[in-house]
Structure formats: structure tokens, C-alpha cells
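I opened my notebook to look up a few places in this structure and write down what I found. Come along and check each entry as you read.

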Amino acid sequence: MQFYLDGYQPGDPFVADPHPSLADRPSGLPDTADVLIIGCGPAGLVLAAQLAEFPEIHTVIVDRRDGPLEVGQADGVACRTVEMFEAFGLADQLIHEGYQVNEVTFWRPDPQDGTSIVRTGRIDDVEDGISEMPHMIVNQARMLAYLRDHMRRSASRAEPVYGLHATDVRIDTDAEYPVTVTLEHVKDFQPTGESSTIRARYVVGCDGSRSGTREAIGRRLQGDTANQSWGVLDVLAVTDFPDIRLKSAIHSEQGSILVIPREGGYLVRLYIELDNDRDAEMLRERSATPEKLTAVANRILHPYTLDVKHVGWWAVYEIGQRLCDRFDDVPDAETETRRPRVFIAGDACHTHSAKAGQGMNVSMADAWNLGWKLGTVLRGTSRPEVLSTYSAERQKVAQQLIDFDREFAAAFSARPDSEEGADPARFQHYFREQGRFTAGVAVRYEPSILTAAPTHQHLAEGFPIGMRFHSAPVIRLADAKPMHLGHAARADGAWRLYAFADRAHPGGPDSRLRELAGFLASEGSPIARFTPPGADPDSVIDVRAVLQQGHRDVTVDDLPRVLLPRKGSFELIDYEKVFCPDPATDIFDLRGLDRERGALVVVRPDQYVANVLPLDAHHELVDFLAGALVEAGTPTT
């Protein structure tokens with residue numbers, strides 16, 4: 001992380017100075033806001049954390065709880081989500097605290113004795129090379145605490161307001177603040193008799209599967225609730241089951257269990273299948289207790305036993321796959337003429353089972369997709385049209401999740417004596433094949449104003465357009481620091497231009513990189529066209545280069561000035577824009593980059609590859625970015 005740009009200050013450098021606009025904001029709940037976020041779950045707080053990077057934008061976050069979530073709920077953190085947390089500067093804390101999932105074991109009925117179970121397989125949890133980040137297990141409450149801490153340290157000093165329940169959402173498209181929300185004050189989820197009203201430019205409902213925001217804009221969750229129930233137990237227990245500290249998928253003649261070891265070395269989560277016949281009375285009378293769920297777990301685990309000493313959290317839920325057809329308030333007939341003002345994210349627009357570990361992860365990805373778009377539109381650097389891409393992109397991802405979850409849940413619950421469950425290798429193969437999806441790295445956005453057609457994909461085969469920018473090891477030129485290229489980018493709303501150089505020395509006259517740098521320093525470049533007056537040169541478009549030469553074969557004196565931008569009130573030089581290959585894992589080979597021609601990889605603020613271009617495709621670069629960005633000096637509304 002870089003700091004001290006505008007002068008040395010003692011104290012914690014990770015705590016930003018408060019933004020000047022905070023002095024003019026009223027204490028307590030305001031009458032107006034730029035963005036109102038309803039709900040402080042994973043989607044709501046990722047959205048709030050992203051908007052905290054735009055402190056001049058007034059964001060208000062409300063939740064009907066009396067305070068922050070303390071225990072329970074989601075726990076699986078996919079590789080892609082850890083990558084996202086790295087962009088917020090939170091990955092190290094998450095990895096240090098959490099349980100890292102390394103391997104998965106599979107258990108089935110013993111062919112010699114069907115009343116017992118035996119291990120039938122053991123595989124790596126995550127495919128090699130899929131991400132530099134691991135699959136982690138961290139309590140959702142801790143994930144939310146990381147995000148709240150990030151918001152407090154930001155220049156916005158953002159804090160959620162608890163005890164407020166949104167009861168009405170109304171839209172007047174002609175008003176300056178077109179969305180009016182009525183907030184009922186609650187204590188212990190009960191109305192106090194007091195209410196408030198807030199008017200906002202945009203509202204985002206992150207208020208769960210029973211979302212009032214969704215109902216207010218006329219959206220419905222459509223789908224089925226399967227006739228299948230599962231219990232969840234977070235426990236401290238003494239057991240003779242040997243794989244209790246490994247993620248384990250267990251199928252027995254008595255049902256199924258998914259074992260998820262938890263952080264701290266002792267806690268474990270059990271997802272326990274409840275049988276519609278054997279557990280009918282408990283399900284019918286809704287009389288489940290931790291003791292009854294433990295008894296079911298022992299029935300399935302036989303001949304192993306589980307002696308529960310402490311229950312941290314428990315719940316019973318039904319599997320259901322349901323989805324909204326759109327994630328904003330715009331009627332289908334008005335998509336070409338009307339800008340969205342109200343959005344929904346997370347469980348408000350898709351629900352599914354918990355066993356694939358996708359709920360929290362996909363919800364957070366929804367919010368990051370929307371957050372940078374709202375922030376840059378309100379800041380005036382992105383065209384309002386980019387807001388319409390949120391529903392188009394994320395609804396298709398959610399549909400893929402619903403389809404996957406339906407198949408995964410059926411495969412997991414298939415009885416060992418059924419045709420689907422008879423072959424233990426089949427489920428193990430399926431689990432491995434779906435690893436990229438569950439890791440969160442299989443998402444691919446279709447062509448739009450934010451994602452180009454793959455015309456020049458051959459220049460950078462390892463950076464597929466529409467998919468997340470797959471980081472790789474590099475060495476930073478100025479200080480010889482080994483690092484991951486993707487970790488140089490923060491969640492700051494800026495686009496990235498990664499210029500992968502041709503073979504020529506960057507100081508030579510035949511260097512395509514030098515020619516590109518000359519264009520980027522000119523008046524016709526996208527930097528000049530789309531960066532507001534007075535802003536740092538990398539605030540909208542951040543240019544970085546990766547050379548083919550080793551870091552000892554080039555010096556900063558060889559670099560063009562666009563790669564040594566001057567920033568801040570002192571016009572200090574940023575030396576952290578240029579990288580060289582790591583000799584052990586050359587990024588040009590690892591990511592299939594054209595060594596002769598080089599490549600320009602354009603990456604969106606949420607780290608998805610937007611375009612791949614030749615280094616000399618100057619006009620094509622400007623034309624593409626013009627579809628999303630606002631010309632400097634253009635008035636915005």
C-alpha cells in the first residue's frame with residue numbers, strides 16, 4: 001500500500017484522513033443521500049466498503065438488526081472472494097484467521113458392511129494454478145467485521161445505522177432525489193412507533209430473501225422449494241471420525257453429511273441431511289434442536305461417534321432454488337429509455353442451498369459489480385448507461401448458480417443404493433469438474449459497453465475477455481519486490497491498462513511499448529480525455545507495464561514518463577507502475593502472451609478483463625473506453 005503522498009503524518013497510515021465533505025453532513029440519519037443501502041449482510045457491506053472509496057459520495061447504510069451479526073450463517077470464502085478482499089487490503093487478515101481448505105475426502109457405505117462407512121477418495125480441494133488465493137473458512141460475522149473496519153478507516157468514516165426497517169420504497173423519476181424510503185424504527189425487530197424518511201439518488205436492497213425492496217419494485221423470486229431439509233451445527237465436539245479436520249463429503253445408508261472444519265483448530269460445521277421419513281416428526285412439528293440434529297449426525301456417521309460439548313450456532317433450512325428475472329426497477333419495456341434507480345443484490349434476488357458455499361460469495365460479487373458502477377457514475381467519470389449492465393451481467397451469473405446448485409444438491413443427496421449414487425467415483429469426478437465454478441473463477445461476462453468481443457484474444461490467451469484478470473507472479477522494477485501483478489490494483493474505481501511489452505528494450509526506438517506510452521501522454525489519449533481536471537493521472541485510467549527484460553537489465557531511467565506519473569500536492573513520482581517477469585514463472589509464458597507484438601489488456605475496476613488489444617491500437621482503445629467513460633469537463637446529472 002502507498003501512503004504519505006501529501007505529506008508525512010504520524011500514526012496508523014492505513015487510516016485515511018476524513019474527507020472534507022464530512023464536516024457538512026448532519027449527525028444522525030440525514031434527509032437525503034446519494035446512495036441508501038438497505039441491509040448489512042455480505043452484499044450490503046461489500047457495497048458499502050466499495051462506496052467508502054468514494055468519500056465525496058454520501059452513502060447511508062441501514063439494517064433492521066439492533067447491531068452487527070455476531071455468530072453463524074455463511075462461512076465458505078471462495079478463492080475469487082479472497083482475491084476481491086485483497087483489493088480492499090483485507091486478504092492477509094482473512095487468511096491469517098481462517099481455516100484453509102486443502103483437501104476433500106469422500107466417504108461411502110462399506111461394501112462389506114453397509115451399516116458402516118469407509119473413505120473412498122481424497123482429492124485436492126482447489127485445482128493447481130486456479131488462483132494464488134486459497135479456499136478459506138471464516139465465520140460470516142468476522143467477514144462483515146473486516147468490512148466495517150475498512151469503512152471506518154476510509155476517508156468516508158462510514159458506519160451502519162441499526163434498528164431501521166424499510167417499509168416503503170417509492171420512485172419519482174423526475175425528482176433530484178428520485179427514491180423515497182420510509183424507515184420504521186425497531187428494537188428487537190419490534191416497531192417503536194417512530195419512523196423516518198430519507199430521499200436518495202439510488203437505493204440498493206440487500207435485505208435478504210424476504211426483501212421488501214424487491215417487493216416494492218415489483219420483482220418476484222421464482223422457482224421451487226425442494227422437499228428436502230438440512231440441519232446446520234457449529235460445534236466443539238470429541239469424535240473418533242478421523243477426517244474431522246478435513247472437508248468431508250459423507251454418504252451413508254442413513255443419509256448424508258458435509259463436514260466443514262472451522263477456524264481456530266477445534267470448531268467444526270456439520271451440514272446434516274434430514275430424512276423425510278426417519279425425521280418426519282421433527283420436520284412436521286418443527287421441533288428440531290441441537291440434540292436431535294446431533295443424534296441424526298451420529299446415525300449417519302456410524303460406526304463413528306460425535307460427542308458434542310458446545311454448540312456455537314445451529315439452524316434448519318429447506319433447499320430451494322429461486323431467482324428474479326431482473327435485479328433493478330426498470331420495466332422490460334423501458335430498458336432503452338430509463339435509467340435504473342433501485343437495485344437488489346444477494347439473497348434478495350437469488351436463493352439456493354448452502355452446501356456449495358456460493359451464497360455469500362455470489363452476493364459479495366453482486367455488490368462489487370454494482371459498487372464501482374454507482375461510485376463512478378455519481379463521481380461523474382462513468383456514463384450512466386453502465387448501471388444497466390449490473391442486472392444484465394449478474395442475473396445470468398445467478399441463473400448459472402441456480403442450475404449448478406440444483407444439480408449439485410441432487411448429486412450430494414443421491415442415496416448410495418440409487419442409480420445416481422451407486423458409483424462413488426462419479427460424485428468425486430463431478431466435485432472436481434465443478435471446482436472452477438465453486439472457486440468463483442468461472443464467471444464470464446458477455447460483450448457489452450464494458451466487455452469487448454474477443455477480436456484480439458490471441459495476443460493474450462491467458463486473459464480471456466469477460467473473465468477475471470488472473471494474477472501471476474512478477475518482480476516490481478523500481479525496488480525488486482517479488483509480488484503478484486493483480487495485487488497492485490485496489491478497489492478504487494479505476495480502470496487498469498496492463499501493457500505487456502514487446503521484445504524490444506523499453507528505451508529503444510523500435511519499442512511498441514514506448515510508442516504506446518507516447519500516445520498515452522498525448523492530448524488525444526484516454527487519460528487526457530477522461531480524467532477530470534485536477535485529479536491524479538491514474539485516478540480514472542491506471543497504466544501499468546510488464547516488460548520482458550529482467551529487473552536488473554532495465555532501470556527507471558529507461559521508462560517513459562507516463563509510467564512514472566506525478567501525483568498529489570507535491571507532484572511526487574509513483575515508481576510502482578512497472579514490473580518484470582519472475583524468472584521462476586515467467587508471466588508471458590504462464591498467461592500465453594504474444595512476445596513479438598506484446599498486448600494491451602484492459603481491465604475493469606472489478607478486475608474483469610474488458611478488452612485485449614495490440615499495443616498500437618490507439619484509436620480502438622479510445623473508442624472502447626468512450627462507451628463507458630465520460631469526457632473530462634462534461635456536465636453530469
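Before I list any neighbours, here is the term I need: contact means heavy atoms within 4.5 Å. I also keep in mind that this is a predicted model.

**Entry 1: Thr 351**

I looked up Thr 351 and found it in strand β18, residues 350-351. Is Thr 351 buried or exposed? Its relative accessible area is 12%, and buried means under 20%, so I noted Thr 351 as buried. Next I asked which residues Thr 351 touches. Leaving out residues up to four places away in sequence, I listed Ser 209, Leu 221, Gly 320, Gln 321, Arg 322 and Ile 402.

**Entry 2: the domains**

I then looked up how the protein chain is divided. Domain 1 is made of 30-89, 138-221 and 321-411, domain 2 of 100-132 and 229-317, and domain 3 of 457-627. I checked domain 1 against domain 3 and found their C-alpha centres 32 Å apart. How many residues are in contact between domain 1 and domain 3? I wrote down 18 residues of domain 1 and 17 residues of domain 3.

**Entry 3: an open sheet**

Here I followed an open sheet of 3 strands, with the order β3-β7-β4 and antiparallel pairing. Its edge strands are β3 (76-77) and β4 (99-101), and each pairs on one side only. Between β4 and β7 (residues 135-137) I found 3 bridges.

I moved on to β10, residues 179-187. It runs antiparallel to β9 (residues 164-171), with 7 bridges joining the two. Leu 164 stands opposite His 185 in β10. β10 is also joined to β11 (residues 190-205) by 8 bridges, again in the antiparallel sense. Val 179 has Ala 200 in β11 as its bridge partner. What lies between β10 and β11? I found a hairpin with 2 residues between the strands, and Asp 188 in the turn has a positive phi of about 55°.

Pro 473 stands opposite His 484 in β20. The hairpin of β19 and β20 has 4 residues between the strands, and Ala 480 takes a positive phi near 60° there. β19 also pairs with β25 in the antiparallel sense, over 3 bridges. There I saw Val 474 opposite Pro 581 in β25.

**Entry 4: Asp 582**

Where is Asp 582 found? I located it in the loop between β25 (578-581) and α14 (587-590). Asp 582 touches Pro 473, Val 474 and Ile 475, not counting residues up to four places away in sequence.

Asp 582 is buried, yet it has no salt bridge. The nearest side chain of opposite charge is that of Arg 595, 12 Å away. What does the side chain of Asp 582 reach instead? I found the backbone nitrogen of Ala 584, at 2.9 Å.

Notes
Residues are numbered from 1 along each chain as its sequence is written. This is a predicted model: local features need pLDDT of at least 70, side-chain atom pairs count only at pLDDT 80 or more; totals for chains, interfaces and linings use all residues. Side-chain values use heavy atoms; hydrogens and water are left out. Two strands pair if DSSP finds at least two bridges between them. Buried means under 20% relative accessible area, exposed over 50%, partly exposed in between (1.4 Å probe, protein chains only). Lys and Arg count as positive and Asp and Glu as negative; His and the chain ends are not counted. A salt bridge is a side-chain nitrogen of Lys or Arg within 4 Å of a carboxyl oxygen of Asp or Glu. A polar contact is a pair of N or O atoms within 3.5 Å; within protein, one must be able to donate a hydrogen and the other to accept it, and residues adjacent in sequence count only if both atoms are side-chain atoms. Domain bounds come from an automatic or database domain assignment.
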